[in-house]
10 protein chains.
Amino acid sequence: MSSPTIETFPNPRPGREYEIAISCPEFTSVCPKTGLPDFGEIRITYVPDAYCIELKSLKYYIVEFRNRGIFFEHVTNQILDDLVAAVHPRRMEVVGDFAVRGGIKTVVTATYDARNA
Amino acid sequence: MSSPTIETFPNPRPGREYEIAISCPEFTSVCPKTGLPDFGEIRITYVPDAYCIELKSLKYYIVEFRNRGIFFEHVTNQILDDLVAAVHPRRMEVVGDFAVRGGIKTVVTATYDARNA
Amino acid sequence: MSSPTIETFPNPRPGREYEIAISCPEFTSVCPKTGLPDFGEIRITYVPDAYCIELKSLKYYIVEFRNRGIFFEHVTNQILDDLVAAVHPRRMEVVGDFAVRGGIKTVVTATYDARNA
Amino acid sequence: MSSPTIETFPNPRPGREYEIAISCPEFTSVCPKTGLPDFGEIRITYVPDAYCIELKSLKYYIVEFRNRGIFFEHVTNQILDDLVAAVHPRRMEVVGDFAVRGGIKTVVTATYDARNA
Amino acid sequence: MSSPTIETFPNPRPGREYEIAISCPEFTSVCPKTGLPDFGEIRITYVPDAYCIELKSLKYYIVEFRNRGIFFEHVTNQILDDLVAAVHPRRMEVVGDFAVRGGIKTVVTATYDARNA
Amino acid sequence: MSSPTIETFPNPRPGREYEIAISCPEFTSVCPKTGLPDFGEIRITYVPDAYCIELKSLKYYIVEFRNRGIFFEHVTNQILDDLVAAVHPRRMEVVGDFAVRGGIKTVVTATYDARNA
Amino acid sequence: MSSPTIETFPNPRPGREYEIAISCPEFTSVCPKTGLPDFGEIRITYVPDAYCIELKSLKYYIVEFRNRGIFFEHVTNQILDDLVAAVHPRRMEVVGDFAVRGGIKTVVTATYDARNA
Amino acid sequence: MSSPTIETFPNPRPGREYEIAISCPEFTSVCPKTGLPDFGEIRITYVPDAYCIELKSLKYYIVEFRNRGIFFEHVTNQILDDLVAAVHPRRMEVVGDFAVRGGIKTVVTATYDARNA
Amino acid sequence: MSSPTIETFPNPRPGREYEIAISCPEFTSVCPKTGLPDFGEIRITYVPDAYCIELKSLKYYIVEFRNRGIFFEHVTNQILDDLVAAVHPRRMEVVGDFAVRGGIKTVVTATYDARNA
Amino acid sequence: MSSPTIETFPNPRPGREYEIAISCPEFTSVCPKTGLPDFGEIRITYVPDAYCIELKSLKYYIVEFRNRGIFFEHVTNQILDDLVAAVHPRRMEVVGDFAVRGGIKTVVTATYDARNA
């Protein structure tokens, strides 16, 4: 019921549609072009169905990006894909809010809705 | 007409649909996994029907979580359930805005609408 | 056309639907339970019809609460009732944003719409 | 095509519906009751049709209020009327955000829509 | 598939409708009237279709305005036109947020939607 | 050992020179000229000798100014005099930070040092 | 004992060296070069000797600059001279904090000390 | 070399006089008068001599105040005494910055200097 | 008495030691290594002797850096040298506060004192 | 004249005592106890003598901590030692401002002065 790295626990109120917002301000990965580190904040908002995200496993999942070479647009979509696969939410939004590079700041926002999936 | 711990008083304008927003920045409970304290702010917004929440009893109700082991998702839904049972509002939202744990911040939002109950 | 204490003046553009927002950060009244002073900010937003609120008389009206024992929910609804009676607006919102008491902050919002009255 | 004091220039993209927001934080006029100066910020947002507001002439137009005795509600509606007459926008909003007087702050918002005119 | 100066790369998730927000706080051009420099921030938000904007080429594109004489309204519409031509987005918004000139601040917002184009 | 209205308790560490800073943001008095209320914040910083200020009695002491006609300069010096008489501190500073009147804001700061008294 | 326009009142605690800080955020004058208005905030801090500045007369004194053509450096020194002549303080500082002109902001600070005069 | 609850580790640069600042925003204790919880932030700044404070043990030490009835002045001095006994610093400052009670906020600052001890 | 590009005017109060602080947030030059633009804010604080800096000429002087290749440390010292040569101040400080490059922010501060020159 | 990793360039104004402040908000290392990443900001302020720090090499030097297990107190002192060895400044301060761990935030400040070395 969960991906290898993101653990879940049963939603304590499965009958109610409510929202959980999680922010991870300590995200870092590596730029595939320059090999230099990128920094950012990952923000996750979701309406759980049967399962919730276990926070300690989410932390370890986020840490795994530390030495991966990956672009901003890819990071954000990948996290959304992995979290949807792990907790099968009713709805989910992932925001990747990345630090300035070359005087330019980038924020990527991707969403999932089980009704459209 | 009220739960054992949350007292109420008659709504002074029962004929008007108006909103009351209450914030309790001094919430603390205990993490069931680690036994260490958690901290947060509970924000309650509601449209009263026949009764309003008496603030002093709300304070004592919030204090009762101080030594309880309970997860963030459970806290927020429990407070919504208890307040709905106590004051039978037309609508209510409870937000649990919890302090960072392991570099990750969590906000849980649960809502009630008497028209859907 | 005006209450005893709130004076009005003719709306300079009665044909246009426009909005006037007034904030009075220096509100104080007395808690009926403890006899101790309460503090807050009253914010009024309205669409005038034939009349506008004269600001000096509004100030004196607000000052009159200084020694009255009255609860937060009552204050906000009372001010809305008195202002509606005085200026017969198309629409009006009154927000009572009160200072922390016992570690808890309260904001009350009441609205009037002449189309529903 | 323009009022005596507000000059215009041709909209460089007349085929596109886009928005121009202008703020003038250095507005001052005179209170007609007391003869004392009032201060505020005028904010203008509009969708141009054939013409745009020339900013230097707008500055001189705003300066002309410096010695005029005029109430807040009148100022805001007057500026909207004059700008609409000068540039014939598709839509326009004028906000007069005035400094505290007698412990009370006032913000007046007036809008124009060519489809309703 | 791209304009001479703005390079693109294939959208890593072409099947998902998601948003990319880019801000360039280091924009400068020259006022055509006075010959003096203007400063501002360009903010771009878009939903990619087949292509994304390559950030390094965007930086060089923005730098090219440094010595051009051009008005605020024109800058914003020009950037939108060039970016739409380069990446053919589903939707795009460009905001030009310019520094105060003569005590007046200007923000121009232009949008594109492929469904209306 | 204390003035009629300000109570004290024995300093728990009389041998150490340490500082206590207290702020009372809910101060109000009456302007002797206009009869209208004044608002402000009183900030007290002191190094205790044998006694400390009991906070509940300080609150009641501050409340007593509510209906007194008194100028800003007098309020601040009076509070310093009364507190020095009550707790005989080694050093004390009282700041009266008052709300804007007639577009002008006033802050009065008075200090006491037992070595100079 | 006072200049024609700045009135004084006797210092209520002449034996104590204490500080009064006054800020006037609504200062405006006229640029002698361009004839266009300048805006700023005047901040006055002083230790009174026998007299204090009466605030209403200070307001009228500040208003008198409204139509005077005067440079920033002159304004600040002139106000210091006039206030010193009016209240004979032990020490005084006047800060003129002026709004941006041509993309450049200016703050002028002048001080007086009776011991050096 | 350390108190029962505060552990230490050897200073990695004992020959250099440098400063370590630690803030614990999640402090809570119990008011001895009312039995209700108090909240605050404890800030510790010190120049280590032979030992540094181990942070995990500091966290457990701070948690131990959770159910103790103790006044603000006592808390701050007690923490300073315990930390000085545990790490024998060259210099140390402890600030107890406590949440508003009865509309009044209190900050207590106590310092230690080995040269004066 | 002035450099070719920075004009001066006679100090209106040469007998008083007072301070003038000027900030120019719209500084841009070119990085000699990469040829890409740098951005920053130049802040100048000085005590005038016989002359003051004329602001319009200062603006043109700052604009001249727009196309010069020059490092941060050099910019700041160069501006200090040029301004000292132009106005012969009693004391002057120049701060160059430059925008982030490669995730690193730099601020350079250089001072002049005629007593040490 | 420089360490293996930190490059230098000749000070452009060796005769003047001036200050360079550099902040690196994107510092990350690994906690030696838990193996989990730590995050923080390194701030360096120095008065150069014959050499200045070359910023690109500083960036690579900071990046080298990414996979090192090292405590906060050690990081800050190590950076100070390495930078002093590389540029032989007249004076230098290094601040390590680290993100919250276990609800506790730490800032370490170490300084060097060539006159005391």
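Mentor: Let's start with one pair of residues: A:Ile22 stands opposite B:Thr106 in S6(B). This is a predicted model, so keep its confidence values in mind as we go.

Trainee: How many bridges join strand S2 of chain A to S6(B), and do the strands run parallel or antiparallel?

Mentor: To read strand pairing, look at how many bridges there are and in which sense the strands run. Here strand S2 (residues 19-30) of chain A and S6(B) run antiparallel and are joined by five bridges.

Trainee: How many bridges join S2(C) to strand S6 of chain D?

Mentor: Five bridges join S2(C) to strand S6 (residues 104-113) of chain D, and the two run antiparallel. As an example of residues facing each other, C:Glu19 stands opposite D:Thr109 in S6(D).

Trainee: Which strand of chain E is joined to S6(A)?

Mentor: That is strand S2 (residues 19-30) of chain E, which runs antiparallel to S6(A) and is joined to S6(A) by five bridges. Within this pairing, A:Lys105 has E:Ser23 as its bridge partner in S2(E).

**A hairpin inside one chain**

Trainee: How do I read a hairpin, and where is there one in chain A?

Mentor: Follow one strand, then the turn, then the strand that comes back. Strand S5 (residues 91-101) and strand S6 (residues 104-113) of chain A pair in the antiparallel sense over nine bridges. They form a hairpin with two residues between them. In the turn, A:Gly102 has a positive phi of about 60 degrees. For a partner pair, look at A:Phe98, whose bridge partner in S6(A) is A:Thr106.

**A helix and its buried face**

Trainee: What should I look for in a helix?

Mentor: An α-helix has 3.6 residues a turn, so residues three or four places apart point the same way. Now the case: in helix H1 (residues 55-63) of chain I, the buried residues are I:Leu55, I:Leu58, I:Tyr61 and I:Ile62. Seen down the axis of H1(I), these residues fall within an arc of 110 degrees, so they line one face of the helix.

Trainee: Which strands do the buried residues of H1(I) pack against?

Mentor: They pack against strands of two chains: S5 (91-101) and S6 (104-113) of chain G, together with S2 (19-30), S3 (37-47) and S4 (51-53) of chain I.

Trainee: Is E:Tyr61 buried or exposed?

Mentor: To judge burial, count neighbours. E:Tyr61 counts as buried because it has 20 C-beta neighbours inside 10 Å. This residue is found in helix H1 (residues 55-63) of chain E. Leaving aside neighbours within four places in sequence, E:Tyr61 is in contact with E:Thr5 and E:Ile6. The C-alpha atoms of E:Tyr61 and E:Ile6 are separated by 6.5 Å, although the two residues are 55 residues apart along the chain.

**Symmetry and confidence**

Trainee: Which rotation superposes chain B on chain A?

Mentor: A rotation of 72 degrees with 0.0 Å of shift along its axis does that, with an RMSD of 0.0 Å. That is the relation of a five-fold axis.

Trainee: How far apart are chains C and G?

Mentor: Their closest C-alpha atoms lie 18 Å apart, and no contact joins them.

Trainee: What confidence does the predictor give the complex?

Mentor: The complex has an ipTM of 0.91 and a pTM of 0.93. For chain A, the mean pLDDT is 93, and 97% of its residues reach 70 or more.

Methods
Residues are numbered from 1 along each chain as its sequence is written. Chains are lettered from A and ligands numbered from 1 in the order in which they are written. This is a predicted model: local features need pLDDT of at least 70, side-chain atom pairs count only at pLDDT 80 or more; totals for chains, interfaces and linings use all residues. A residue is buried if 20 or more other C-beta atoms lie within 10 Å of its own, exposed if 12 or fewer, and partly exposed in between; C-beta atoms are placed from the backbone. Helices (H or I, at least four residues) and strands (E, at least two) are DSSP runs, numbered from the N terminus. The arc is that of the directions from the helix axis to the C-beta atoms. Two residues are in contact if their C-beta atoms, placed from the backbone, lie within 7 Å. Copies are superposed by least squares on the C-alpha atoms of residues with pLDDT of at least 70 in both. Two strands pair if DSSP finds at least two bridges between them. pLDDT is the predictor's confidence in each residue, from 0 to 100.
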